Amino acid sequence: LTVGMQLGQRNRTAPPEQVAAALAAFRDTVTAINWVAEVGTSYQLDKDRIALLGSSAGAVSVLHVAYEQNELNLAPAVDIDGVIALQGRLMDEATFGADAPPLMIVHGEDDRVFPISSAIELQGRAQLADVSVQFFPLADTSHGIKNVAGRSVRVSGRPVSEHAVQFLQQAFGATGQVRSFCLADETRLCP
(Lines give C-alpha, C1' and ligand atoms only; values in the text may rest on other atoms or scores of the structure.)
Protein backbone atom coordinates (compact mmCIF):
# COMPACT_ATOMS: atom_id res chain seq x y z
CA LEU A 1 0.00 0.00 0.00
CA THR A 2 1.44 3.35 -1.01
CA VAL A 3 0.23 6.50 0.67
CA GLY A 4 0.67 10.03 -0.60
CA MET A 5 0.87 12.54 2.20
CA GLN A 6 1.08 16.19 2.99
CA LEU A 7 4.61 17.48 3.37
CA GLY A 8 6.13 19.61 6.08
CA GLN A 9 8.66 19.35 8.85
CA ARG A 10 8.31 19.19 12.59
CA ASN A 11 10.80 20.57 15.02
CA ARG A 12 10.80 22.89 17.97
CA THR A 13 11.75 25.95 15.95
CA ALA A 14 9.54 25.33 12.92
CA PRO A 15 6.86 27.86 12.04
CA PRO A 16 3.34 26.75 13.09
CA GLU A 17 2.28 26.01 9.49
CA GLN A 18 5.18 23.54 9.10
CA VAL A 19 4.31 21.82 12.36
CA ALA A 20 0.67 21.59 11.21
CA ALA A 21 1.75 20.12 7.85
CA ALA A 22 3.95 17.51 9.54
CA LEU A 23 1.19 16.51 11.93
CA ALA A 24 -1.21 16.25 8.98
CA ALA A 25 1.27 13.92 7.23
CA PHE A 26 1.52 11.79 10.37
CA ARG A 27 -2.29 11.63 10.56
CA ASP A 28 -2.42 10.60 6.87
CA THR A 29 -0.13 7.68 7.71
CA VAL A 30 -2.28 6.60 10.66
CA THR A 31 -5.43 6.91 8.51
CA ALA A 32 -3.89 4.57 5.92
CA ILE A 33 -2.89 2.05 8.60
CA ASN A 34 -6.37 2.15 10.10
CA TRP A 35 -7.90 1.68 6.64
CA VAL A 36 -5.86 -1.51 6.23
CA ALA A 37 -7.06 -2.67 9.64
CA GLU A 38 -10.67 -2.00 8.68
CA VAL A 39 -10.95 -3.24 5.09
CA GLY A 40 -7.61 -4.88 4.33
CA THR A 41 -8.86 -8.45 4.47
CA SER A 42 -11.12 -7.80 1.47
CA TYR A 43 -7.89 -7.00 -0.43
CA GLN A 44 -6.05 -10.02 1.00
CA LEU A 45 -4.00 -7.81 3.32
CA ASP A 46 -3.10 -9.20 6.74
CA LYS A 47 -3.81 -6.58 9.40
CA ASP A 48 -1.73 -8.62 11.85
CA ARG A 49 1.41 -8.17 9.74
CA ILE A 50 1.99 -4.48 9.12
CA ALA A 51 5.33 -2.82 8.52
CA LEU A 52 5.96 0.78 7.56
CA LEU A 53 8.48 1.97 4.99
CA GLY A 54 9.19 5.57 4.20
CA SER A 55 11.78 7.55 2.31
CA SER A 56 12.84 11.08 3.21
CA ALA A 57 9.70 12.89 4.47
CA GLY A 58 7.90 9.53 4.36
CA ALA A 59 10.56 8.10 6.66
CA VAL A 60 10.06 11.02 9.03
CA SER A 61 6.34 10.27 9.06
CA VAL A 62 6.62 6.50 9.66
CA LEU A 63 9.25 7.02 12.35
CA HIS A 64 7.03 9.44 14.26
CA VAL A 65 3.93 7.26 13.88
CA ALA A 66 5.77 4.14 15.04
CA TYR A 67 7.86 5.61 17.83
CA GLU A 68 6.22 8.83 18.98
CA GLN A 69 2.55 7.89 18.68
CA ASN A 70 1.68 8.31 22.36
CA GLU A 71 3.20 11.78 22.62
CA LEU A 72 1.40 12.87 19.46
CA ASN A 73 -1.86 11.02 20.20
CA LEU A 74 -1.56 9.20 16.87
CA ALA A 75 -1.83 5.55 17.84
CA PRO A 76 -2.90 3.36 14.90
CA ALA A 77 -5.64 0.77 15.43
CA VAL A 78 -3.16 -2.11 14.94
CA ASP A 79 0.35 -2.94 16.05
CA ILE A 80 3.27 -2.08 13.80
CA ASP A 81 5.62 -5.04 13.30
CA GLY A 82 8.59 -3.25 11.77
CA VAL A 83 9.80 0.03 10.33
CA ILE A 84 12.16 0.65 7.41
CA ALA A 85 13.45 4.22 7.26
CA LEU A 86 15.21 5.25 4.05
CA GLN A 87 17.07 8.49 4.69
CA GLY A 88 14.81 9.97 7.35
CA ARG A 89 15.01 11.00 10.97
CA LEU A 90 13.04 11.65 14.11
CA MET A 91 12.64 15.38 14.44
CA ASP A 92 12.24 15.45 18.22
CA GLU A 93 13.59 13.71 21.26
CA ALA A 94 11.08 10.89 20.87
CA THR A 95 11.34 8.03 23.29
CA PHE A 96 11.05 4.45 22.18
CA GLY A 97 8.44 2.56 24.19
CA ALA A 98 8.87 -0.94 25.61
CA ASP A 99 6.88 -2.46 22.73
CA ALA A 100 8.59 -0.49 19.97
CA PRO A 101 8.84 -2.39 16.68
CA PRO A 102 12.20 -3.35 15.16
CA LEU A 103 13.85 -0.73 12.98
CA MET A 104 15.89 -0.89 9.78
CA ILE A 105 17.76 2.29 8.86
CA VAL A 106 19.20 2.81 5.37
CA HIS A 107 21.03 6.10 4.99
CA GLY A 108 23.51 7.64 2.56
CA GLU A 109 26.76 8.83 4.07
CA ASP A 110 26.73 11.84 1.70
CA ASP A 111 23.12 12.85 2.48
CA ARG A 112 22.94 16.64 2.81
CA VAL A 113 19.19 16.81 3.55
CA PHE A 114 19.39 14.61 6.64
CA PRO A 115 23.08 14.18 7.48
CA ILE A 116 24.32 10.70 8.35
CA SER A 117 24.73 11.92 11.94
CA SER A 118 20.92 11.92 12.27
CA ALA A 119 20.84 8.22 11.32
CA ILE A 120 23.65 7.41 13.74
CA GLU A 121 21.76 9.26 16.49
CA LEU A 122 18.55 7.35 15.62
CA GLN A 123 20.40 4.04 15.80
CA GLY A 124 21.89 4.98 19.17
CA ARG A 125 18.53 6.03 20.62
CA ALA A 126 16.94 2.78 19.45
CA GLN A 127 19.76 0.73 20.93
CA LEU A 128 19.52 2.56 24.27
CA ALA A 129 15.83 1.62 24.38
CA ASP A 130 16.69 -2.01 23.55
CA VAL A 131 14.87 -1.80 20.21
CA SER A 132 16.10 -4.25 17.59
CA VAL A 133 17.82 -2.10 14.98
CA GLN A 134 19.67 -2.79 11.75
CA PHE A 135 21.68 0.09 10.30
CA PHE A 136 22.97 0.23 6.73
CA PRO A 137 25.09 3.33 6.06
CA LEU A 138 25.73 3.61 2.33
CA ALA A 139 29.10 4.95 1.23
CA ASP A 140 29.17 7.52 -1.57
CA THR A 141 25.37 7.84 -1.49
CA SER A 142 23.39 11.09 -1.37
CA HIS A 143 19.73 11.74 -0.52
CA GLY A 144 16.87 10.23 -2.52
CA ILE A 145 15.00 6.96 -3.03
CA LYS A 146 16.71 6.26 -6.34
CA ASN A 147 20.05 6.42 -4.56
CA VAL A 148 19.25 3.87 -1.84
CA ALA A 149 16.61 1.51 -3.18
CA GLY A 150 18.04 0.47 -6.51
CA ARG A 151 19.06 -3.15 -6.94
CA SER A 152 22.63 -2.01 -7.64
CA VAL A 153 23.11 -0.63 -4.12
CA ARG A 154 24.77 -3.39 -2.12
CA VAL A 155 25.68 -3.89 1.52
CA SER A 156 27.83 -6.88 2.46
CA GLY A 157 27.57 -8.11 -1.13
CA ARG A 158 23.75 -8.19 -1.18
CA PRO A 159 21.25 -5.67 -2.56
CA VAL A 160 19.61 -3.45 0.05
CA SER A 161 16.26 -4.87 -1.10
CA GLU A 162 17.33 -8.37 0.01
CA HIS A 163 18.27 -7.02 3.44
CA ALA A 164 14.82 -5.40 3.62
CA VAL A 165 13.05 -8.67 2.76
CA GLN A 166 15.09 -10.50 5.41
CA PHE A 167 14.29 -7.77 7.95
CA LEU A 168 10.56 -8.09 7.21
CA GLN A 169 10.69 -11.87 7.46
CA GLN A 170 12.25 -11.53 10.91
CA ALA A 171 9.79 -8.82 11.95
CA PHE A 172 6.81 -10.93 10.90
CA GLY A 173 8.26 -14.18 12.22
CA ALA A 174 7.80 -15.50 8.71
CA THR A 175 8.56 -19.08 7.85
CA GLY A 176 8.29 -20.79 4.51
CA GLN A 177 7.16 -18.97 1.37
CA VAL A 178 6.91 -15.19 1.56
CA ARG A 179 4.60 -13.55 -0.96
CA SER A 180 5.98 -10.50 -2.64
CA PHE A 181 4.26 -7.97 -4.84
CA CYS A 182 6.02 -5.20 -6.69
CA LEU A 183 4.15 -2.29 -8.20
CA ALA A 184 7.08 0.04 -8.72
CA ASP A 185 8.66 -1.09 -11.98
CA GLU A 186 9.17 2.48 -13.13
CA THR A 187 11.64 3.08 -10.28
CA ARG A 188 13.50 -0.17 -10.94
CA LEU A 189 12.74 -1.53 -7.48
CA CYS A 190 11.33 -4.75 -8.89
CA PRO A 191 13.49 -7.76 -9.77
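Author: What follows sets some labels against their definitions.

Author: This is a predicted model, in which local features need pLDDT of at least 70, side-chain atom pairs count only at pLDDT 80 or more, and totals for chains, interfaces and linings use all residues. Residues are numbered from 1 along each chain as its sequence is written, and side-chain values use heavy atoms, with hydrogens and water left out.

Reader: What makes E121 and R125 a salt bridge?

Author: A salt bridge is a side-chain nitrogen of Lys or Arg within 4 Å of a carboxyl oxygen of Asp or Glu. For the side chains of E121 and R125 the N to O distance is 3.3 Å, so the pair meets the rule. Both residues lie in helix α4 (residues 116–128), 4 residues apart, about one turn of the helix. Helices here are DSSP runs of H or I with at least four residues, and strands are runs of E with at least two, numbered from the N terminus.

Reader: How many salt bridges does this rule give?

Author: The count comes to 2. R158 also forms a salt bridge with E162, with the closest N and O atoms 3.4 Å apart.

Reader: Why is R125 called buried?

Author: Buried means under 20% relative accessible area, exposed means over 50%, and partly exposed lies in between (1.4 Å probe, protein chains only). R125 has 15% relative accessibility, so R125 counts as buried. R158 is partly exposed at 26%, and E162 is partly exposed at 34%.

Reader: What makes β3 mostly covered?

Author: In β3, 6 of its 6 residues are buried. L103, I105 and H107 are on one side and M104, V106 and G108 on the other, so both faces are covered.

Reader: How do you know that β3 pairs with β4?

Author: Two strands pair if DSSP finds at least two bridges between them. β3 and β4 (residues 133–138) have 6 bridges, in the parallel sense, and G108 has L138 as its bridge partner. β2 and β3 pair in the parallel sense over 4 bridges, with A85 opposite I105.

Reader: Why is D99 called exposed?

Author: The relative accessible area of D99 is 76%, so D99 is exposed. D99 lies in the loop between β2 (82–86) and β3 (103–108).
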